[in-house]
Amino acid sequence: MTFVQNLTFFVLAAFVGYEIITKIPTNLHTPLMSGANAISGITLIGSVVVAGSGSTTLATGLGFLAVVMATVNVVGGYLVTNSMLDQFRSSDDRRRGD
Amino acid sequence: MAAILGGLSASALAFVYLIAGILFIQGLRDMTHPRTAPRGNLISAGGMALAVGITVLVTDILSPVLLFAGLLVGAAIGVWLAVTVETTEMPQLVGLFNGFGGGASALVAGAELIDMFGTGAFQVGVTSTAALAGIIGSVTFWGSLVAAGKLHGVVDDSAVRYSGEQAVKALFLVLSVLAGLHLIVRPNLLGAVPLAGWVPSYWVLVAAASILGVLLVIPIGGADMPVVIALLNSYSGLAAATTGFVLDNSVLIIAGTLVGASGLILTVIMCESMNRSLANVFFGGIGEASESGEEMEDIYEGNITTTSPEEVEMTLDVADRVVIVPGYGMAVAQAQHAVAELAELLEKEGVDVEFGIHPVAGRMPGHMNVLLAEADVPYEKLRDLEEINPTFSQTDVVIVIGANDVVNPSANTADSGPIAGMPVLNVGEARTVIVNKRSLSPGFSGVPNPLFAQDNTNMLFGDGKETMQELVNIYKENH
């Protein structure tokens with residue numbers, strides 16, 4: 001892919017992101033931040049590629065460290081967001097149960 | 001180990017990445033309502049599993065043991081941190097995770113450079129985006145660690161300032177940019193002298209950017225952390241997106257950009273809520289203009305009315321409408337459950353109870369909302385600043401718990417000072433204001449609060465949790 005094609009993804013994604021995120025209510029800003037944070041762990045893909053196929057020991061070592069860090073970000077991020085949203089859901093359920 | 005799906009064509013892989021990208025977007029779309037948000041998080045996690053899974057399957061893995069060890073170790077640490085965290089520690093945990101994402105991006109860019117220079121190939125597109133990923137990723141990693149440290153109380157959370165501060169920061173920024181330029185330009189200028197295999201200028205860049213990350217966050221005080229956390233969130237997304245440019249990977253670019261946009265929007269919202277520019281948060285230095293203790297005593301002298309839980313209970317007895325305004329103090333005292341119980345008791349007696357939430361109350365965006373949700377307060381009861389402010393004049397009792405600067409009326413009248421012009425909750429318009437605080441000490445801004453001296457304000461001194469629990473018990477006895 002060319003640089004311009006990549007740039008196209010970047011610009012379009014920025015607009016999509018803006019449109020969606022401005023619609024998210026204040027109530028959900030913490031889960032949004034934590035969920036978005038988990039998505040930024042997508043860099044794990046890059047970590048997997050360099051850790052798996054690194055041509056030198058140094059590159060492989062760096063890749064390993066990157067895999068550990070990105071996995072912490074992904075797994076921890078989604079779990080924390082999930083437990084946060086569970087609390088929102090339980091208060092909602094209770095209200096409807098009253 | 002050869003790739004399990006090595007035969008998969010590049011366009012098929014790109015298609016799977018596209019699906020993952022769509023899942024991320026749909027996941028965020030579901031975040032627009034509390035009812036669909038949990039599903040959104042699952043969809044987003046599914047997109048992540050798909051993207052990572054397919055990558056593991058199509059990559060020629062030279063050292064599978066190392067890779068899976070990395071995944072296992074990371075997952076174990078992530079689960080352990082997520083399961084053991086207390087709600088009050090949530091801001092620093094989110095900050096910490098954030099830093100890890102940024103750090104990983106910087107390392108990936110470095111490893112990719114080593115690979116590229118090792119094979120003798122050279123592309124300006126790769127080196128320039130790698131330089132960007134390195135700077136943003138390193139700043140994110142160290143900045144987040146310092147921010148998390150401040151929130152956790154292991155790093156001094158006051159605004160640490162020194163002379164020549166801006167010059168020192170500029171120096172390290174210039175240093176990292178120069179190292180980046182060197183990385184991009186050198187092979188062209190001095191083609192005969194190949195860069196060493198481990199790409200030293202990249203690590204100079206990482207070192208300079210790391211120091212810059214620390215220096216950027218150290219001078220920022222605890223109360224500005226919502227802005228910092230949101231901005232670092234944005235950076236970690238941008239770091240992932242630039243890594244996507246380095247690796248020529250569409251899903252990295254899409255997902256990273258979504259996060260970048262999200263963090264930036266939250267940052268702007270937080271700044272607007274404080275009537276401050278981003279530059280002011282980073283370079284302005286709140287707290288410098290704090291007023292002297294004598295002036296504070298002048299304002300409070302003889303004008304402070306104190307009250308007791310018994311009296312507050314009587315006041316609540318004749319109230320039709322009560323608004324509760326929580327602040328960071330509620331989080332510190334872990335008073336949210338007692339507060340929620342009080343609200344529920346009042347509701348049962350037919351009192352109209354709402355919560356007024358200032359956008360920057362707490363230490364991360366939406367901090368109060370999460371704490372109150374944990375205590376099972378229905379989200380319909382939570383009102384933001386624009387919604388709640390017009391209602392204070394028809395409110396009988398406002399209970400302020402652990403909030404100070406966000407209810408300071410001098411923000412509306414002062415021409416200068418740290419909080420001048422900041423939109424605040426105008427609680428003073430209510431008939432009676434009960435302020436629960438441990439003492440008259442000023443809020444983070446260091447500015448005295450004339451609200452405490454107002455005729456209709458009664459100070460209820462004491463620990464938030466204990467005082468609210470006492471109030472709940474007295475209320476129960478009498479109803």
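Select chain A: its secondary structure comes to four helices and zero strands, where helices (H or I, at least four residues) and strands (E, at least two) are DSSP runs numbered from the N terminus. The order of elements from the N terminus on is α-α-α-α. The model is a predicted one, in which local features need pLDDT of at least 70, side-chain atom pairs count only at pLDDT 80 or more, and totals for chains, interfaces and linings use all residues. Residues are numbered from 1 along each chain as its sequence is written, chains are lettered from A and ligands numbered from 1 in the order in which they are written, and side-chain values use heavy atoms, with hydrogens and water left out.

Colour chain A next by accessibility. Of its 98 residues, 57% are buried; buried means under 20% relative accessible area, exposed over 50%, and partly exposed in between (1.4 Å probe, protein chains only).

Now highlight residues 6–22, 34–52 and 58–80 of chain A, to which an unreviewed UniProt entry assigns the feature "transmembrane region". UniProt positions follow the numbering used here, feature names are shortened, and annotations may be inferred rather than shown by experiment. Within the model, residues 34–52 of chain A are 89% helix and 0% strand, with the end C-alpha atoms 28 Å apart. Residues 58–80 of chain A are 100% helix and 0% strand, and there the end C-alpha atoms are 33 Å apart.

Move on to chain B, which holds 18 helices and six strands. Along the principal axes, its C-alpha atoms fill a box of roughly 80 × 50 × 35 Å. Buried residues account for 56% of the 479 residues in chain B.

Select B:Ser44, in helix α2 of chain B, and B:Leu316: 272 residues separate them along the chain, and 45 Å separates their C-alpha atoms. B:Ser44 counts as buried because its relative accessibility is 4%. Then pick B:Thr59, in the loop between α2 (37–58) and α3 (64–84) of chain B.

Next, select helix α15 (residues 367–374) of chain B. How many of its eight residues are buried? Seven are, so the helix is largely enclosed by the rest of the structure. The buried residues of α15(B) are B:His367, B:Met368, B:Asn369, B:Val370, B:Leu371, B:Leu372 and B:Ala373. After α15(B) comes B:Asp376, with a positive phi near 65°.

The next stops are salt bridges, each a side-chain nitrogen of Lys or Arg within 4 Å of a carboxyl oxygen of Asp or Glu. The whole structure contains eleven of them over all chains.

- Show B:Asp30 and B:Arg39, which form a salt bridge with the closest N and O atoms 3.0 Å apart. B:Asp30 is buried at 5% relative accessibility, whereas B:Arg39 is partly exposed at 46%.
- Show B:Glu165 and B:Lys169, whose side chains meet in a salt bridge at 3.1 Å, N to O. These residues are about one helical turn apart, because four residues separate them in helix α6 of chain B. B:Glu165 is buried, at 5% relative accessible area, and B:Lys169 is buried at 3%.
- Show B:Lys381 and B:Glu347, bridged with the closest N and O atoms 3.2 Å apart. This pair links distant parts of the chain, 34 residues apart: B:Lys381 is in the loop between α15 and β3 (382–384) of chain B, and B:Glu347 is in helix α14 (residues 336–348) of chain B. B:Lys381 is partly exposed at 21%, as is B:Glu347 at 32%.
- Show B:Arg321, B:Asp352, B:Glu354 and B:Arg383, which salt bridges with shared partners join into one network.

Finally, switch to a surface display and find two patches. Patches are made of residues with over 30% relative accessible area and no salt bridge; like charges are joined within 9 Å, and nonpolar side chains (Val, Leu, Ile, Met, Phe, Trp, Tyr) within 5 Å. Accessible areas come from the Shrake-Rupley method with a 1.4 Å probe, and for residues only the protein chains shown count as cover.

The nonpolar patch consists of B:Leu173, B:Val174, B:Val177, B:Leu178, B:Leu181 and B:Val185, with about 470 Å² of accessible area together. B:Leu178 lies in helix α6 (residues 165–189) of chain B.

The negative patch is formed by B:Glu310, B:Glu311, B:Glu466 and B:Glu470. Here Asp and Glu count as negative and Lys and Arg as positive, while His and the chain ends are not counted; a charge is placed at NZ of Lys, CZ of Arg, CG of Asp or CD of Glu. Helices α12 (309–317) and α18 (464–478) of chain B each supply at least two residues of this patch. End the tour at B:Glu470 in helix α18 of chain B, which is partly exposed with a relative accessible area of 40%.
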